[in-house]
Amino acid sequence: MLEISNSSAISVPWVNITDGSNGAKFIIDTAGNVGIGMTNPGQDLDILDEADSTIINLFTYSNTATQAGEVRLGHARGTLAVPTATQAEDLLGAIDTLGYDTGLGIGAGIVFWADAEWGTAGDATDEPTRIEFQVAPDGSGSEVTVMTID
């Protein structure tokens, strides 16, 4: 079933695809959040599968050696129309793993940071970064950095 709504007077999703028994397959809510396998996405993109592993495949078939699936994380100051330089200690992106105790918590992660302002070493290609590998030790509810790559 496909339902498309475009009225601010109703509080239903703008796009809702179900399996016919009201099982949500794909939804875009009025805030623009996208949910796959759920009816109430809380993030820009939420994917839920309660019966199997949730896998995201990015695969390229190509005879060119440098073409492949990519995941890109990024950050710039300013706006889309007028971006400005990334600054020291700006978070560029993160990959986090979650587990559940009394609520969801981050157990381990890989965090990407700007080490200094970008484009300040006499050229426009200066992009200083570092990668931190973080884990939450047994008995702790917060992550600690166990390795840094500069």
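Me: Which residue meets R130 in a salt bridge at 2.8 Å, N to O?

Reply: Side chains of opposite charge can pair when their charged atoms come close. A salt bridge is counted when a side-chain nitrogen of Lys or Arg lies within 4 Å of a carboxyl oxygen of Asp or Glu. Here the side chain of R130 meets that of E89 (2.8 Å, N to O). R130 lies in strand β10 (residues 129–135) and E89 in the loop between β7 (83–84) and β8 (91–100), so the pair ties together parts that are 41 residues apart in sequence. Strands are DSSP runs of E with at least two residues, numbered from the N terminus.

Me: On what kind of model do these values rest?

Reply: This is a predicted model, in which local features need pLDDT of at least 70 and side-chain atom pairs count only at pLDDT 80 or more, while totals for chains, interfaces and linings use all residues. Residues are numbered from 1 along each chain as its sequence is written, and side-chain values use heavy atoms, with hydrogens and water left out.

Me: Is R130 buried or exposed?

Reply: Buried means under 20% relative accessible area, exposed means over 50%, and partly exposed lies in between (1.4 Å probe, protein chains only). R130 is buried, at 12%, whereas E89 is partly exposed, at 44%.

Me: Which other residue forms a salt bridge with R130 at 3.1 Å?

Reply: The side chain of E132 meets R130 at 3.1 Å, N to O. E132 is buried, as is R130. Salt bridges with shared partners join E89, D115, R130 and E132 into one network.

Me: How many salt bridges does the whole structure hold?

Reply: The search finds five. Among them is the one between R72 and E70, whose closest N and O atoms are 2.7 Å apart. R72 is exposed, at 71%, and E70 is partly exposed, at 47%.

Me: How many aromatic pairs does the structure hold?

Reply: Rings of Phe, Tyr and Trp (its six-membered ring) pair if their centres lie within 6.5 Å; planes under 30 degrees apart count as stacked, over 60 as edge-to-face and the rest as tilted. The structure holds one such pair. F59 and Y61 form this tilted pair, with 4.8 Å centre to centre and 55° between the planes. F59 is exposed, at 64% relative accessibility, and Y61 is exposed too, at 76%.

Methods: Helices (H or I, at least four residues) and strands (E, at least two) are DSSP runs, numbered from the N terminus.
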